[in-house]
Amino acid sequence: MSIDWHALGSVLAVTLVSTVGLVGVFTLGVVGLSRPGGAALARSGAYACFAACTAAVAWGIWLIVAK
């Protein structure tokens, strides 16, 4: 049995980048909602961040289920 180290490294890199990116976008959404006064631009940006997170999770679930 042999391990394809290149494929394993690729999976690790993509997982790390996508996880850090998704957590970063979610954090921006939380920061946008926690602004005192609730500016309309910050609130709409926060909703866009949450929509992007939802889309990324839905796409990941679709990739798993479609196989």
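This is a predicted model: local features need pLDDT of at least 70, side-chain atom pairs count only at pLDDT 80 or more; totals for chains, interfaces and linings use all residues.
View 1. No disulfide is present in the structure, and cysteine 49 takes part in none, the nearest cysteine sulfur being that of cysteine 53 at 7.0 Å. Seen from the other residue, the sulfur of cysteine 53 has its closest cysteine sulfur in cysteine 49, and the 7.0 Å between them is too far for a bond, because a disulfide requires the two sulfur atoms to lie within 2.5 Å.

**View 2. The protein as a whole, for orientation.** The protein contains two helices and zero strands, helix α1 covering residues 5–33 and helix α2 covering residues 40–66. Its C-alpha atoms fill a box of roughly 60 × 25 × 10 Å along the principal axes. The radius of gyration is 17 Å, whereas a compact globule of 67 residues would have a value near 11 Å. Of the 67 residues, 7% are buried, and the protein exposes about 5400 Å², of which carbon and sulfur atoms supply 77%.

**View 3. The aromatic pair of phenylalanine 26 and phenylalanine 50.** The model holds one aromatic pair, formed by phenylalanine 26 and phenylalanine 50, with 5.3 Å from centre to centre and 55° between the planes, an arrangement classed as tilted. Phenylalanine 26 belongs to helix α1 and phenylalanine 50 to helix α2, so the pair ties together parts that are 24 residues apart in sequence. Phenylalanine 26, at 43% relative accessibility, counts as partly exposed, and phenylalanine 50, at 21%, is also counted as partly exposed. The value for phenylalanine 50 does not qualify as buried, because that class requires a relative accessible area under 20%.

View 4. Serine 44 lies in helix α2 and, at 40% relative accessibility, counts as partly exposed. Its C-alpha atom is separated by 8.9 Å from that of leucine 33, a residue eleven positions away along the chain. Glycine 45 likewise has its place in helix α2, and with 30% relative accessibility glycine 45 is counted as partly exposed. Between the C-alpha atoms of glycine 45 and valine 30 the distance is 10 Å, although these two residues are 15 residues apart in sequence.

**View 5. A nonpolar patch on the surface, with valine 65 as one of its members.** Leu22, Val57, Ile61, Ile64 and Val65 form this nonpolar patch, and together they have about 480 Å² of accessible area. Helix α2 gives the most to the patch, contributing four residues. Valine 65 is located in helix α2, and its relative accessible area of 64% means that valine 65 is exposed, since that class begins over 50%.

Terms used: Residues are numbered from 1 along each chain as its sequence is written. Side-chain values use heavy atoms; hydrogens and water are left out. Rings of Phe, Tyr and Trp (its six-membered ring) pair if their centres lie within 6.5 Å; planes under 30 degrees apart count as stacked, over 60 as edge-to-face and the rest as tilted. Buried means under 20% relative accessible area, exposed over 50%, partly exposed in between (1.4 Å probe, protein chains only). The radius of gyration is taken over C-alpha atoms; the globule rule is 2.2 Å times the number of residues to the power 0.38. Accessible areas come from the Shrake-Rupley method with a 1.4 Å probe; for residues, only the protein chains shown count as cover. Patches are made of residues with over 30% relative accessible area and no salt bridge: like charges are joined within 9 Å, nonpolar side chains (Val, Leu, Ile, Met, Phe, Trp, Tyr) within 5 Å. A salt bridge is a side-chain nitrogen of Lys or Arg within 4 Å of a carboxyl oxygen of Asp or Glu.
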